[in-house]
Amino acid sequence: MGDFLRDQWWVVAIFIGTLVPLVRRFASVGAMEALRTLDRRWIFLLMLWSVLFPIYFIGVTGRTFPELPSALAHSTFDELDRLAPGDPVLLSFDYDPASEGELQPMATAFVKHCAEKKLKMYFMSLWPVGPQMVQNTVDKVIRPDYPRLVYGQDYVNLGYKSGNEAVIRVITTNIRELYTTDSRGTAMQDIPMMNGITSVQQMKLIINVSAGYPGVKEWVQYAATPYATLHLVAGTTGVQAPLVYPYVPRQLRGLLGAIKGAAEYEKLVIDTYGGPNPDPKYLEGLRRMGPQLVAHLLIIMLILVANFLYFADKRAVGR
Amino acid sequence: MKRTVPLLITAVVGFTLIGAYFVPYTQSWGETVAIWFDVLAAIAFILGGGNLLRSHLKRISDQQSGWAYSIIVLVSFLGTLFVGLGKIGAAPSPQFPDYGWSGNYRQTGSAFWYSYQYAFQPLTATIFALLAFYIASAAFRAFRAKNLEASLLLATAFIVLLGRTFAGVALTAWIDPANWQGFRYFTGLRLENLTVYIMAVFNTAGNRAIMIGIALGIVATSLKILIGVDRSYLGKD
Amino acid sequence: MPPMGWFDLNRIWFFGLLVMLCGAVLAYILAARRGMQIKVRRIAGLEAVDDAVGRATEMGRSCLYIPGVQDMNDIQTIASLTVLSRVAKTAAEYDARVEVPTTRSLVMTAARETVQAAYLAAGRPEAFSPDQVYYVTDEQFGYVAYVQGLMVRERPAACFYMGSFFAESLILAEMGNGVGAIQIAGTAQPAQLPFFVAACDYTLIGEEFFAASAYLSGEPDQLGSLKGQDAGKLIVAAGILTGVAAETLASLTGSPAIRSFVNFLINRVLT
């Protein structure tokens, strides 16, 4: 850390420079008064630094915090790892660019895991911009690192269909009623890996990366619950994860919640399949834990300071 | 008549779809009607788009304050519509190479793809990223230990905030049976495990209670609307 | 293929539960019509609606009403329109301006009719302008960006967030807080409730939001439905207690009979 601070002294100088006006205000009106009348833009600035500094540190040094995968991450990993080469897997990417920060690392890790296990990947989406997310992940993972995988034989992008949960209800009984072509316009009968696939019930696993509605709750309600043979694992945003905990483990075999879940799952995938020098694109979740740590500590500090002020003022009024 | 017909349509369609759920022959009716709604909503976009054009053109013609932003809105709206519908820059589909418009408008390298990748995506992520700043300012302003319940809430918040990061792991890493055998009964007190327990048990219990209340509220509201007791969505009598 | 019956027997228990819950609601509606007195506890958020609109009138600023980000097929949006009707009527009576940017075209159409009817009911049809209710964009964060800009420019004195919200809830609420507006929120999205509770002055939690229509109208029929909802809650509570007791006994005693009863509840009644 000392070496980093010495080498990147200009970042430290900018950081100190931006906080000088705040320090001067503290000195001029006193700490208590300055805190009472603190403009929230100073809080925004502190939050900016608490995210920016760790990102820069990790970017320069390549160091990340150690990660201890939880039981849920292990169950998610085990659900994929138990599958045999050639098993069909449905990946539904139900998120948009707004949630990409939280969900893209787990989507990347899922696709890497599926590619390493040589599973047949059927991509789809219930969100209009989902196909873009699919394409980005395919361009990021499959094209550069698994060039042997052939579109139409090893993976296919079925694209987006409107209808929210109605889509799930239809494809669990007859996928071709809705999907007559893939996202490129190729007819189903012309796609080799669609031969013999008539419904989602033939999938060995459904992997859902979900940012909201429609998402994991709908997959649980309309796929995993009515069809007990369907196995479902999901990755969700932090806000959505508490809502789907009740479904673990019966309807939801594994759950990755927020960037923490993504980091834990990445660790498992990288440790098993990443090799000695994994590509940085498979470490995004782990890298983002640094800013998360510092930001959480900042929020805790703000809460403590605010409560200190509250009790100090309360005592002053009491006197 | 003006109110009776919509009420009758609501009641007949609503109760029919409820009944259809229980009759094997008609169980797919709900999905079909959901798709009808999507078609309706897509057509209704013409109303919304027309309203958007009208209101922003009016702002420009009246030179209301901020009318320059209305120009940006209209240019973006019409530009995206044009490149999407026209499939500008999209290569023809390999199945139909002779037809210029057979390609996918979202194809990598098309104008629509560029506007999505380099305009829409960063802008959406930027607005979403504002949440981090607002959470910090809300935490500073609103989280006060005013009473016992608030104090418990804050303590829980600290546990979860720390448990979701390496700090939580590091702070309670000493609770390890390798250090003392007795700790094997206390591994649940490690912050990362406590976090999972809080989310999976306490938080789930609270969420379930709220969800049950919401579900009952939805049943009652839907019934009131179907039988015509609540007609405020149609406008007052 | 075996012939299909006229009733899906796998759903018979669900049908029974539905009949019980709807029956409870209908029974109390009928009882209320026959003169039964219904007492409803005070809901602070709904009591504050008039005060909020009054504040906007005094300050000479507008009221901002956000009916959620979902379409008309979401029950929360319909519930939001019932509250909008009341807010618009109060605004018309107080001569305050209410602005309703929407994120769906159908919601814009329905909200416009609701607001117009409310102004008519208040005896102020000439004060209504169709431009008060307008469409912005379907895109969630594009809508949020617009509303944020609107709040900063117009500085509404009262902000109402009623309906289905997702990640934008905290952004809207904090921005409203920043411009000094009084904020009343109501949603049935459990994940967004903590953000509204932290940032807004009043929050209608879950079923309170659905009770708004009945509470604000004060009609006996609607209040009866609230009572029916409570009866439904008792039915659900009885079911939960039965299930928990049975599972606990089955685990403690290992009795096959109790275990099969629990399995029956899980596999037949609750599916």
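The model is a predicted one.

The crossing of α12(A) and α5(B) is left-handed. Which residues of α12(A) and α5(B) meet? From α12(A) come His296(A), Ile299(A), Ile300(A) and Ile303(A). They meet Leu154(B), Phe158(B), Leu161(B) and Leu162(B) of α5(B). Seven residues of this contact are nonpolar and one is polar. None is charged.

Now turn to the domains of chain B. Residues 1-85 make up domain 1. Domain 2 runs over 87-141, and domain 3 over 143-237. Between the C-alpha centres of domain 2 and domain 3 of chain B lie 35 Å.

Next comes the contact of chain B with chain C. Chain B brings 46 residues to it, and chain C brings 59. On the chain B side, three helices each supply at least two residues: α2 (29-62), α4 (111-142) and α7 (191-226). Which of the elements of chain B gives the most to this side? The answer is α7(B), with 16 residues. By residue type, the chain B side splits into 30 nonpolar, 13 polar and three charged.

Chain A also touches chain C. Here five residues of chain A are in contact with five residues of chain C. On the chain A side, three of the residues are nonpolar and two are polar, with no charged residue.

Look inside chain C for its sheet. Six strands of chain C form an open sheet, and the pairing is parallel. What is the order of the strands? Read across, it is β3-β2-β1-β4-β5-β6. From one strand to the next, the twist averages 15°. Strand β1 of chain C (residues 63-66) pairs with β2 of chain C (residues 98-102) in the parallel sense, over two bridges. Within this part of the sheet, Leu64(C) stands opposite Glu99(C), which is in β2(C). A helix packs on the sheet as well: α4 of chain C, residues 105-121. This helix touches β2 and β3 of chain C. Its direction makes about 175° with that of β3(C).

Finally, return to chain A for some backbone details. Tyr213(A) and Pro214(A) are joined by a cis peptide bond, with omega at about -10°. Pro214(A) sits in the loop between β4 (205-210) and α9 (216-224) of chain A. A cis peptide bond also joins Val248(A) to Pro249(A), where omega is about 5°. Pro249(A) lies in the loop between α10 (241-244) and β6 (254-257) of chain A. Where is Ala258(A) placed? Ala258(A) belongs to helix α11 of chain A, residues 258-273.

Key. Residues numbered from 1 in each chain as written. Chains lettered and ligands numbered in written order. Predicted model: local features only at pLDDT ≥ 70, side-chain atom pairs only at ≥ 80, totals over all residues. Contact = placed C-beta atoms within 7 Å. Nonpolar A, V, L, I, M, F, W, Y, C, P; charged D, E, K, R; others polar. Domains from an automatic or database assignment. Pairing = 2+ DSSP bridges. Helix = DSSP H or I, 4+ residues; strand = E, 2+ residues; numbered from the N terminus. Axes fitted to C-alpha atoms, helices over the stretch in contact; angles between N-to-C directions. Left-handed = near helix turned anticlockwise from the far one by under 90°.
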